[in-house]
Amino acid sequence: MFSLVNKHEEFFDFLVTNAEYFHKGTVLARDVLQDPAKLERSIREVRNLEHSADEVTHNISARMRHVFITPIDREDFFLLTTTLDDCVDDIQDVVLSLKLYHAGIGSQIALRMADILVNMSSELIVLFRLLKEIDKNETEIGERARKINALESEGDEVYRNTISALFDGTHEVMEIIRWKEIMEAMEETANRAEKVGNLIKEVVMKYA
């Protein structure tokens, strides 16, 4: 069985931190959809989150250069790190798209997509905490990773239904453009979050 003893498991704390930044970004996106008056403040906050996540990623890379033994294979850890950092970039794009396209109050279906992103990011926080003890938490990690897959599948359905509804002939052109772009940004974020979950499953299969 794989052991993380004396293998700098504190590296996982960095990933937890960036997962928390991602989660905060998803909450900001949902808040703006519920209350557009929060947009400017949320843009400032999500930009700060993105800068902070980049700094964490930089620190991980720097520390890895000076550590002989890492908790998991360096390539696996680097891929997890960069893909999670991309999640933070993606959610920043979502919030910025709400300004770019003058979204206003989101529809119930857009809010459902935002809820899905919030739930996916919450699961990622837990997953990275569980990775410190892969053997002990193998079953729970698998269950939570599958939950992320299910959430992403629900997000795909929400996205397809939204796009179909936008082109049913009852919407103005600007509304179609606006929500098509916003929903695409949200769907891309969900895809990226699922990719992180799948990478975690691959790590467990390799080391548990």
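View 1. The axes of α1 and α4 come within 8 Å and cross at roughly 165°, where axes are lines fitted to C-alpha atoms, for helices over the stretch in contact, and angles run from 0 to 180 degrees between N-to-C directions. The two helices, α1 and α4, are therefore roughly antiparallel (under 35 degrees counts as roughly parallel, over 145 as roughly antiparallel, 65 to 115 as roughly perpendicular and the rest as oblique). The crossing of α1 with α4 is left-handed, that is, the near helix is turned anticlockwise from the far one by less than a right angle. On the α1 side the contact residues include Phe-12, Leu-15, Phe-22 and Leu-33, and on the α4 side they include Ala-110, Leu-117, Leu-124 and Phe-128 (contact means heavy atoms within 4.5 Å). By class, the contact of α1 with α4 comprises 15 nonpolar, 5 polar and 4 charged residues; Ala, Val, Leu, Ile, Met, Phe, Trp, Tyr, Cys and Pro count as nonpolar, Asp, Glu, Lys and Arg as charged, and the others, Gly among them, as polar. Helices are DSSP runs (H or I, at least four residues), numbered from the N terminus.

Residues are numbered from 1 along each chain as its sequence is written. In this predicted model, local features need pLDDT of at least 70, side-chain atom pairs count only at pLDDT 80 or more, and totals for chains, interfaces and linings use all residues, while side-chain values use heavy atoms, with hydrogens and water left out.

View 2. The crossing of α4 and α6 is left-handed. Among the residues that meet are Met-113, Leu-117 and Met-120 in α4, and Trp-179, Met-183, Thr-189 and Ile-200 in α6. The contact of α4 with α6 holds 15 nonpolar, 2 polar and 2 charged residues.

View 3. Thr-189 is buried, with a relative accessible area of 0% (buried means under 20% relative accessible area, exposed over 50%, partly exposed in between, with a 1.4 Å probe and protein chains only). Neighbours within four places in sequence aside, Thr-189 is in contact with Phe-22, Cys-87, Asp-90, Ile-91, Val-94 and Leu-117.

**View 4. Asp-90 in helix α3**. At 9% relative accessibility, Asp-90 also counts as buried. With neighbours within four places in sequence left aside, the contacts of Asp-90 are Glu-188, Thr-189 and Arg-192.

**View 5. Helix α3 and the loop residue His-102**. Helix α3 (residues 74–100) has 27 residues and reaches 38 Å from its first C-alpha to its last, close to the expected 39 Å (1.5 Å times one less than the number of residues). In the loop between α3 and α4 lies His-102, a residue other than glycine with a positive phi near 50°. Most residues other than glycine have a negative phi. His-102 is exposed, with a relative accessible area of 62%.

**View 6. Buried residues of helix α2 (residues 39–64)**. The end C-alpha atoms of α2 are 37 Å apart, which agrees with the 38 Å that its 26 residues should span. The buried residues of α2 include Leu-39, Ile-43, Val-46, Glu-50, Val-56, Ile-60 and Met-64.
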